[in-house]
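Me: I am new to this structure and would like to go through the surroundings of its ligand. Please show it to me.

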Amino acid sequence: MSASIVTNSESRDLLRMERVGAHSHIRGLGLDDALEPRASSQGMVGQLKARKAAGVIVRMIEAGKIAGRAVLIAGPPSTGKTAIAMGMAQGLGTDVPFTMLASSEIFSLEMSKTEALTQAFRRSIGVRIKEETELIEGEVVEIQVDRSMTGSSKTGKLTIKTTDMETIYDLGNKMIDALNKEKVMAGDVITIDKASGRITRLGRSFTRARDYDAMGSDVKFVQCPEGELQKRKEVVHTVSLHEIDVINSRTQGFLALFSGDTGEIKAEVRDQINTKVSEWREEGKADIVPGVLFIDEVHMLDIECFSFLNRALEDDMAPVVVMATNRGVTNIRGTKYKSPHGIPVDLLDRLLIISTVPYSEDEISKILAIRCQEEDVEMTDEAKDLLTRIGVETSLRYAIHLITAANLVARKRKATAVDVQDIKRVYMLFLDEKRSVQAMKDYQDQYMFNEAPSSTAMAVDAPMEM
Ligand SMILES: Nc1ncnc2c1ncn2[C@@H]1O[C@H](COP(=O)(O)OP(=O)(O)O)[C@@H](O)[C@H]1O
Ligand SMILES: [Mg+2]
């Protein structure tokens with residue numbers, strides 16, 4: 001197994017590309033330094049107790065104090081459970097991993113449920129690796145290149161200095177190409193990574209400032225380095241255990257990280273990595289950064305997954321697991337037993353529970369205003385009032401969805417702002433849950449697969465076990 005690890009910060013940036021999504025207006029938990037929730041801040045409104053509790057947990061995670069704990073956010077639909085989890089993610093430092101998992105994903109991946117969960121766990125554990133690299137850092141005095149007669153091979157000499165010393169290095173083909181590519185010339189301050197040969201231009205030396213009046217204004221001037229030419233520098237980067245697994249599992253290779261098609265990872269690979277990582281920890285080369293695994297709609301997990309969680313939370317490299325559910329007392333999937341939130345009591349016993357409560361009219365109105373801003377939608381005050389009333393009577397989520405639709409309708413009639421008529425229009429076009437239930441009652445006979453006794457449902461295969 002190779003000990004060199006490829007970090008892939010770029011692929012991460014790609015995955016983080018953001019659109020206006022359901023929670024894109026959430027920029028944090030909106031707490032002050034003393035963890036007191038502000039009434040409206042960072043896109044968050046109301047739900048003060050739950051936000052404060054979430055903030056306390058974020059603080060503990062950051063202090064590295066807790067690992068292997070589990071938190072449950074429980075509350076009715078549309079009360080901001082997922083939003084709070086997103087807020088927590090933003091409150092964590094950039095190198096603390098945050099992984100989101102919708103419970104139903106577990107059943108649809110081409111791997112076993114426990115493998116999917118194991119991968120999710122290991123994605124949520126960061127390994128902060130410290131590496132020492134040797135650098136040559138100095139100001140270029142002269143680059144001299146000799147071409148052979150055919151021009152195919154080049155040799156040369158690089159004279160480089162600090163304020164205290166000057167040395168001449170022999171250059172091979174590869175280094176000459178690298179210097180050309182970076183357009184290095186006399187007077188540049190550069191670093192050369194001794195292991196990889198990578199050249200970085202830090203800027204132009206101040207001593208050359210006068211000779212180069214004609215240079216562009218974007219030139220950066222730096223001091224000529226002092227002391228030794230050769231330096232040791234410590235670089236720190238964080239990768240997740242899962243990334244290390246994938247990179248080192250011979251069948252996959254790190255390209256699998258880009259496609260996400262990682263397949264199952266062999267237990268031996270994980271064992272080797274665990275051993276290696278604990279060696280690094282003992283040698284002081286690496287720290288474990290426990291991150292957060294957010295499992296949404298956790299009642300969709302089944303009894304096997306729950307017992308896996310029970311066990312996995314006891315591992316000394318476990319992340320903090322945050323779960324969310326909107327279920328009351330219900331069946332534990334895969335059994336005939338009922339339990340609060342559909343979670344077995346032995347697991348429930350380990351959880352810190354944060355509960356969310358329905359929003360007041362005022363809060364709903366504020367959240368809708370924030371969403372209008374986020375989606376760049378102008379809306380008249382009367383329309384906002386109507387939408388708020390709809391939000392109170394149906395659900396916040398339904399009201400939020402109407403914003404986009406109403407805006408389309410408004411634009412169609414070439415209006416600059418959404419008005420009452422547009423809201424009314426889309427309210428008639430799209431049913432909310434209550435009216436949809438009523439519609440089902442009224443028209444059930446005309447639908448397929450309905451379980452009402454009166455109907456003549458078509459014969460179908462046995463339904464999926466639920
Ligand atoms: N306190 C809040 N502040 C701002 N936006 C919120 C708040 N609570 C919920 N939302 C937004 O309302 C919508 C529904 O909330 P969501 O978190 O998905 O509910 P849940 O997960 O509890 O069903 C989302 O778009 C969410 O971002
Ligand atoms: Mg949710």
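This is a predicted model: local features need pLDDT of at least 70, side-chain atom pairs count only at pLDDT 80 or more; totals for chains, interfaces and linings use all residues.

Me: How many residues surround ligand 1?
Reply: A residue counts here if one of its heavy atoms lies within 4 Å of the ligand. The closest are Ala 22, Val 45, Lys 81, Tyr 359 and Arg 397. The number of residues around ligand 1 is 19.

Me: Which residue has a polar side-chain atom 2.7 Å from an oxygen atom of ligand 1?
Reply: His 23 has a polar side-chain atom at 2.8 Å from a ligand oxygen. Ser 78 also comes to 2.8 Å, but through a backbone N or O atom. The side chain with a polar atom at 2.7 Å is that of Arg 397.

Me: What share of the accessible area of ligand 1 does the protein cover?
Reply: On its own, ligand 1 has 550 Å² of accessible area. Its space is the second largest pocket.

How values were computed. Residues are numbered from 1 along each chain as its sequence is written. Chains are lettered from A and ligands numbered from 1 in the order in which they are written. Side-chain values use heavy atoms; hydrogens and water are left out. A polar contact is a pair of N or O atoms within 3.5 Å; within protein, one must be able to donate a hydrogen and the other to accept it, and residues adjacent in sequence count only if both atoms are side-chain atoms. Accessible areas come from the Shrake-Rupley method with a 1.4 Å probe; for residues, only the protein chains shown count as cover. On a 1 Å grid over the protein atoms alone, a cavity is a set of points where a 1.4 Å probe fits but cannot get out, and a pocket is an open set with protein on both sides within 12 Å along at least five of seven lines; lining residues have an atom within 4 Å of a point. A molecule sits in a cavity or pocket if more than half of its atoms lie within 2 Å of its grid points.
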